[in-house]
Amino acid sequence: MGSQPRLIEVRKNVLKQNDLNARMLRQQFRAAEVFVVSLVSSPGSGKTMLLEKTLMLLCQNYRVAALVGDLATENDAVRLTRSQAPVKQITTGTLCHLEAAMVQNALEEWDLNQLDFLFIENVGNLVCPSSYDLGENLRLVLLSVTEGEDKPLKYPTIFNSADVAVVTKMDLASAVEFDWQAAYANVQAVRPGMQVLRLSARSGEGMDDYLDFLQKRLKESRVASNLSTASATP
Amino acid sequence: MHELSIALSIIELAQEESERRGVQVSAVHLKLGALSGVVKEALLGSFEMACEDTSLKGARLVVEELPVLIFCTACGAQRPISSIQLFCCVDCGTPSGEVVQGKELEVVALEIEEWDRSRV
């Protein structure tokens with residue numbers, strides 16, 4: 001009995017299931033006209049603090065909600081509920097990133113039509129979340145001044161999976177001798193043309209520009225979705 | 001470290017194909033982009049471990065690593081970058097954020113054993 005090896009072509013994306021789920025989420029988000037922003041960063045770069053302030057400030061004029069990924073605790077969700085916005089925790093156990101299916105499960109009981117903004121805080125990790133599309137409109141990668149200016153050079157992949165970079169904890173910039181020009185140049189080196197915002201959620205510095213930016217993007221996405229709906233209608 | 005879950009997805013995909021075609025898989029050929037977020041060495045180790053107790057036990061994972069290519073507007077063509085820390089055209093130095101290759105994480109082929117029944 002003899003055997004011969006043979007190659008058969010397959011061509012399948014390994015993450016096809018996640019991509020399919022993300023596509024379904026994207027359709028759901030578009031139909032409900034909710035603008036979805038995800039946040040990725042290393043642990044301790046201020047995602048939860050920024051999100052807390054974002055929810056508090058936006059909820060005066062918009063309907064906002066958040067999903068937060070965390071390995072084990074529900075501390076982040078508890079912190080965020082202070083803003084009065086609906087918040088749900090996704091505890092990932094030992095999993096180092098969120099996947100689209102987890103977002104789908106977490107959203108099951110929520111009526112997306114009742115929302116303008118949905119924020120998704122990923123698990124603190126600059127490596128793994130980069131491979132997983134969550135169907136979001138906008139992915140922010142956070143970089144705190146205390147982490148050093150060279151973070152983009154060390155993690156080019158996550159900067160390439162994100163849309164906009166946000167430098168956080170700017171109130172500490174002078175204390176840690178943070179070099180903004182160098183940080184900006186490093187972002188541009190790994191992702192030419194990337195928009196970089198800077199702010200401090202604690203002091204409020206830069207928060208107006210950041211909130212204006214989010215509101216502008218919400219409006220743009222609604223205009224774009226209305227246009228595509230109008231052109232699809234005979 | 002998410003290579004184990006990636007390895008499990010690869011195995012699941014290969015098993016589906018092998019069951020559908022009724023063949024035994026001896027190797028999985030994978031294209032892995034430099035921006036896929038997956039580390040080759042960690043993936044190889046995870047794959048070997050995850051194959052135990054499955055129909056793919058002993059199968060090899062053959063990884064083809066793909067470098068990043070950008071579209072360079074100055075050259076009007078796809079070009080490699082200076083380095084993973086510098087997304088500039090390797091030939092003319094023009095920066096470009098338009099990545100055209102490097103995010104791949106794709107099973108491209110399966111090596112299968114076909115038993116030659118005529119000689120049984």
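**Entry 1**

I found 31 residues from chain A and 34 residues from chain B in the contact. Next I asked which elements of chain A give two or more residues to the side that touches chain B. They are strand S1 (3–13), helix H6 (156–161) and helix H7 (180–190) of chain A. S1(A) supplies the largest share of that side, 11 residues. I also sorted the chain A side by residue type, and noted 16 nonpolar, 10 polar and five charged residues.

**Entry 2: strand S2 of chain A**

Is strand S2 (residues 35–40) of chain A buried or exposed? I went through the strand and found six of the six residues buried, so S2(A) is largely enclosed by the rest of the structure. A residue goes down as buried here when 20 or more other C-beta atoms lie within 10 Å of its own.

Then I looked at which way the residues point. Phe35(A), Val37(A) and Leu39(A) point one way from S2(A), while Val36(A), Ser38(A) and Val40(A) point the other way. Residues on both faces are buried, Ser38(A) among them.

Which strands are joined to S2(A) by bridges? One is strand S5 (residues 117–121) of chain A, which runs parallel to S2(A) and is joined to it by five bridges. If you want a pair to click on, Val36(A) has Leu118(A) as its bridge partner in S5(A). Another is strand S6 (residues 138–144) of chain A, also parallel to S2(A), with four bridges between them. There, Val40(A) stands opposite Val141(A).

**Entry 3: Glu177 of chain A**

Glu177(A) sits in the loop between strand S7 (164–168) and H7 of chain A. I counted 8 C-beta neighbours inside 10 Å, so Glu177(A) is classed as exposed; the cut-off for that class is 12 or fewer.

How many residues along the chain lie between Glu177(A) and Lys47(A), and what separates their C-alpha atoms? The two are 130 residues apart along the chain, and their C-alpha atoms are separated by 22 Å.

**Entry 4: confidence**

Last, I checked the scores that come with the prediction. The model has an ipTM of 0.84 and a pTM of 0.90. Chain B averages a pLDDT of 92, and 93% of the residues score at least 70.

How values were computed: Residues numbered from 1 in each chain as written. Chains lettered and ligands numbered in written order. Predicted model: local features only at pLDDT ≥ 70, side-chain atom pairs only at ≥ 80, totals over all residues. Contact = placed C-beta atoms within 7 Å. Nonpolar A, V, L, I, M, F, W, Y, C, P; charged D, E, K, R; others polar. Pairing = 2+ DSSP bridges. pLDDT = per-residue confidence, 0-100.
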